[in-house]
Structure formats: structure tokens, C-alpha cells
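Notebook, opened to record what I looked up in one structure. The entries follow the order of my checks.

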Amino acid sequence: GYLKKVLKRFKGERAVWVHATDVFNIASDFLLGPESYYEAMVVNPDLVDRVNEIVLDYNLRYLKNSLELGVDMAFITGDFAMTNGPFVSPEHTGRFITPALKRQVEIAHGMGIPVLKHTDGNLWEIFDLLIETGIDGIHPIDPMAGMDIGEVKEKYGEVVCLAGNVNCGPTLSWGTIEEVRQEVKDCIKKAGAGGGYICMSSNSIHSGVRPENYMAMVEAIREFGNYPLALD
């Protein structure tokens, strides 16, 4: 009912996204518990497969119902990595985590809807696995985990849209207005060439973000983000 109200009000004027928490994050955090889930990857992989399939079945039905209403994009969230690297090895990520994401992407693409995937953390070891799922965009290119958006742009900017990564920690929470403006400018300079970049917070607009810094970010994006870019 709520999604129908949002679509009625904003369809054609604003992009309306449907949000889903990724299968891995529901299955590990809320069903088995992280320790049991990770252990089962090794000692009882069939259990992980069965739990994943239960969650995936729900997510696919939820996404299908939402997409049929006419949303513009799917936003699938849930971290696959920590500051220092992935939660589990690339081998286990590819075996137990990214296949479900791929199936969610496929159902969206089958209805002509792009998918933006959120995951914090240092993704370098599993970035290719993420790309292989077919996602259209990746958020937030976590600066607190050493993810340089310029490097990501250079390596993956031709195949996936990048969203991020104005730091929602120091910069947006207690930085100066000028620091916010400079970071926006730096992000656009690193990732904006040729398009395929959405400049935004490196995670969310949380309660610690200074309202004036948020407004400065929005205004700077509008000021510096017009094409052709002229930031030199």
C-alpha cells in the first residue's frame, strides 16, 4: 500500500526505488547467526544452501511484486565485507553469497529494471565476483575501508555505475563547508569522467551528519556535476 502511494505521488518526477536486504545478510544475521552460518559453510554447506534458498524465494517474490507496480530501480543492500576485506574468502563468497545476488539481478533485468548494490568494506578481493552478478551500480565505494573511487573508476568504470563516496564520517559529520565542497569536487574529478557516476554520501545521511554539511554537499554536486565537467 505504501509503495503504491509513493508511486502515485512521485512516478515520473522522482526515481522510485524498491529496497531489499540481500539474502546473505538475512540468512547469516537473522536466521543462523553469523558464527553458525560461517561454520556451516565448511561443515554443513547443504544447510547454508537450504537457508539461502528460503530467503531467496521470499526476496524474489517480494522484488517481483514491487517491480510489477512500476518502480524505477532496485536497491539491494547488505555488506559483504569489513574494513580490511571480505567477511569470508573469495571462494566462499562466490559459492554461497553472490549467486543469490545474481538471481535477484536477473529477475529485475528480466523486467527492464536496473539494480544498485550496496556493500561497505574493502571489496578488492571480491569486486570481480560482484561484477559477475550483473549489477548495474555499486555503492558506496567505502573511503573508510581504503576504497579509492578513482582507482575503482579506472578498473571498473566502464562496466558498472559508481555511487558514493563523500565521507559521511569526518567530512559530513564535523568537516567545514569548504572541506565538503572540496571533497565533492575531488570525487567528481576522480569518477565523473564519461558519466556512470552518482555523487552522494559514502553511506547514509545519519543522525551525526550536520544539516549544513548535507546541504553543502547537495549544492556542490549541482554546481560541479554539470557536464561537460570543468574541474581543472
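What separates glutamate 68 and lysine 64 in helix H4? I find them four residues apart, and therefore separated by about one helical turn. Helices here are DSSP runs of H or I with at least four residues, strands are runs of E with at least two, and both are numbered from the N terminus.

Basis of the entries. I am working on a predicted model, in which local features need pLDDT of at least 70, side-chain atom pairs count only at pLDDT 80 or more, and totals for chains, interfaces and linings use all residues. Residues are numbered from 1 along each chain as its sequence is written, and side-chain values use heavy atoms, with hydrogens and water left out.

Salt bridges. I searched the whole structure and got ten salt bridges, each being a side-chain nitrogen of Lys or Arg within 4 Å of a carboxyl oxygen of Asp or Glu. Glutamate 68 and lysine 64 form one of them, with the closest N and O atoms 2.6 Å apart. I looked up exposure using these classes: buried is under 20% relative accessible area, exposed is over 50%, and partly exposed is in between (1.4 Å probe, protein chains only). Glutamate 68 is partly exposed at 47%, and lysine 64 is partly exposed at 38%.

I then looked up aspartate 72 and lysine 11, whose side chains meet in a salt bridge of 2.7 Å, N to O. This pair links distant parts of the chain, 61 residues apart: aspartate 72 is in the loop between H4 and E2, and lysine 11 is in the loop between helix H1 (2-10) and E1. Aspartate 72 is partly exposed at 28%, as is lysine 11 at 43%.

A further salt bridge joins arginine 181 and glutamate 223 (2.9 Å, N to O). Arginine 181 lies in helix H9 and glutamate 223 in helix H10, so this pair ties together parts that are 42 residues apart in sequence.

Helix H7. I listed the buried residues of H7 (residues 149-156) as Ile149, Gly150, Val152, Lys153 and Tyr156. Seen down the helix axis they fall within an arc of 160 degrees, so they line one face; the arc is that of the directions from the axis to the C-beta atoms. Glu154 and Lys155 are exposed on the other side. The buried residues pack against helix H6 (127-132), strand E7 (161-166), helix H9 (177-191) and strand E8 (197-201), a contact being heavy atoms within 4.5 Å.

At the N-terminal end, aspartate 148 caps H7, with a side-chain oxygen 3.0 Å from the backbone nitrogen of glycine 150. I count a polar contact as a pair of N or O atoms within 3.5 Å; within protein, one must be able to donate a hydrogen and the other to accept it, and residues adjacent in sequence count only if both atoms are side-chain atoms.

Aspartate 79. I placed this residue in the loop between E2 and strand E3 (81-82). Aspartate 79 is partly exposed, at 23% relative accessibility. Its side chain reaches the backbone nitrogen of aspartate 120 at 2.8 Å. Leaving out residues up to four places away in sequence, aspartate 79 touches Phe24, Asn25, Phe87, His118, Thr119 and Asp120.

Helix H2. Phe24 and Asn25 came up again here: along with Val23, Ala27 and Ser28, they are buried in H2 (residues 23-32). Glycine 33 follows H2, with a positive phi near 90 degrees.
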